[in-house]
Amino acid sequence: MTAIDPTAHLTAEQIEELGRELDAIRDEVIAARGADDAAYIRRVIAAQRRLELVSRGVLLFSIFPPAWVIGTAGLSVAKIMDNMEIGHNILHGQWDWMRDPKIHSTTWDWDHVSPAEQWKHSHNELHHTYTNVIGKDNDLGYGIMRVDEDQKWHPFHLGQPLWNFINACFFEYGIAAYDLELAKNLHKRRRNNPDFRARARDVGRKIRKQVLKDYVIHPLLSGPSFLTTLAATFTANLVRNIWSHSVIMCGHFPEGVQVFERRSIEGETRGQWYLRQMMGSANISGSKAMHFMTGNLSHQIEHHLFPDLPSNRYAEVALKVRALFEKYELEYVTGPLPKQVYSAWRKVFRLSLPNKQPKVKTPDREKELVAA
């Protein structure tokens, strides 16, 4: 909702042609999926499981500092792999075409407190449909942050850097909370809704399962290393949460990424949907290892365009997508991780403060932004 629309130079015909070109890229990848792709995800899953098993084994002796450091580092990486390159992408249905019941979006469970089915609804169905639409996309600001200058400022927003930091540290719980739309459903009448209560029970069961595994069974198996293993597991979860939060922030919140009003998507065509994904996302540049550790969400633009394509294909797709940005004279927002993290956090701080020169809004627009 910037003052100057960066897509204003495009005609309706150009936008639909852009959509057809993106469809062609997607169709090409789908037609080329095969044994090499299937072997890739199976190798990644096997490597992650070995790393987690070895790391937890090392942590049985975490009373010794070298074992604590090595085990904690390994478990942190294993948890990031499980969440990013494996769980997130399998639950998107990226590997459903393999027809493997063990690696399928309907059967996969992940190392996370958010139940898979609830996450798929809030993320796959809502976030990816309404990317960066204020009041429709719960991932946009996680319901606790002001994300655009045109949103009405309240004193509560002064604390949003703190809220965002706390959310980063306990990100998996934050995701579970907004999957439940907890803030909206805390009202007594909504709280007693049978559907909400059933979903809340599912979250409670998933939390108990995760806590039992990480903070009870594994530390108890460590015997005299109970407390140090407990601390190591907490640290690994903290590292995973902050890393995941940082990657998501870099893909959705840096300067240059656009947000949209609800009325802007009325009657949206496929070409316009594609264009919104392009303008509402940002990438992270870096090495193959960095791309892997982000679950290839460093290619966030490509992921938003094609959320169901195998993640190992995003690097090759990015070359073609970037060429389309240049062809249609659009800004391809990208940069190294430190730059994107700084840009995102700078925006968090900037929007925590009231505008110096408030914009004039129509009554309808004011009502919409307040509601958002």
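## Packing of H10 with H15

In this predicted model, helix H10 (residues 226-252) and helix H15 (337-351) pack at an angle of about 80°, with their axes 9 Å apart. Axes are lines fitted to C-alpha atoms, for helices over the stretch in contact, and angles run from 0 to 180 degrees between N-to-C directions. H10 and H15 are therefore roughly perpendicular to each other (65 to 115 degrees; under 35 counts as roughly parallel, over 145 as roughly antiparallel and the rest as oblique). Helices are DSSP runs (H or I, at least four residues), numbered from the N terminus.

Trp-243, Met-249 and Cys-250 of H10 meet Leu-337, Gln-340, Val-341, Ala-344 and Val-348 of H15, where contact means heavy atoms within 4.5 Å. The residues of this contact comprise seven nonpolar, one polar and no charged. Ala, Val, Leu, Ile, Met, Phe, Trp, Tyr, Cys and Pro count as nonpolar, Asp, Glu, Lys and Arg as charged, and the others, Gly among them, as polar.

Residues are numbered from 1 along each chain as its sequence is written. Local features of the predicted model need pLDDT of at least 70, side-chain atom pairs count only at pLDDT 80 or more, totals for chains, interfaces and linings use all residues, and side-chain values use heavy atoms, with hydrogens and water left out.

## Packing of H3 with H10

Helix H3 (residues 65-91) packs against H10 at an angle of about 40°, with the axes 8 Å apart. That makes H3 oblique to H10. The residues of their contact divide into ten nonpolar, eight polar and two charged. Among those of H3 are Trp-68, Lys-79 and Ile-80, and the H10 side includes Arg-240 and Trp-243.

## Nonpolar cores

The largest nonpolar core has 27 residues. Such a core is a set of buried Ala, Val, Leu, Ile, Met, Phe, Trp, Tyr and Cys residues joined through side-chain atoms within 4.5 Å; buried means under 20% relative accessible area, exposed over 50%, partly exposed in between (1.4 Å probe, protein chains only). Helices H1, H11, H13 and H14 each supply at least two residues of this core, and H14 gives the most, with six residues.

Leu-330 is among the residues with the most contacts inside the core. Leaving aside its neighbours within four places in sequence, Leu-330 touches residues including Pro-6, Leu-275 and Phe-325. A second, separate core of 25 residues includes Tyr-40, Ile-41, Ile-80 and Ile-248.

## Buried residues of H5

In helix H5 (residues 160-169), the buried residues include Asn-164 and Cys-169. The buried residues of H5 pack against H6, H10 and H15.
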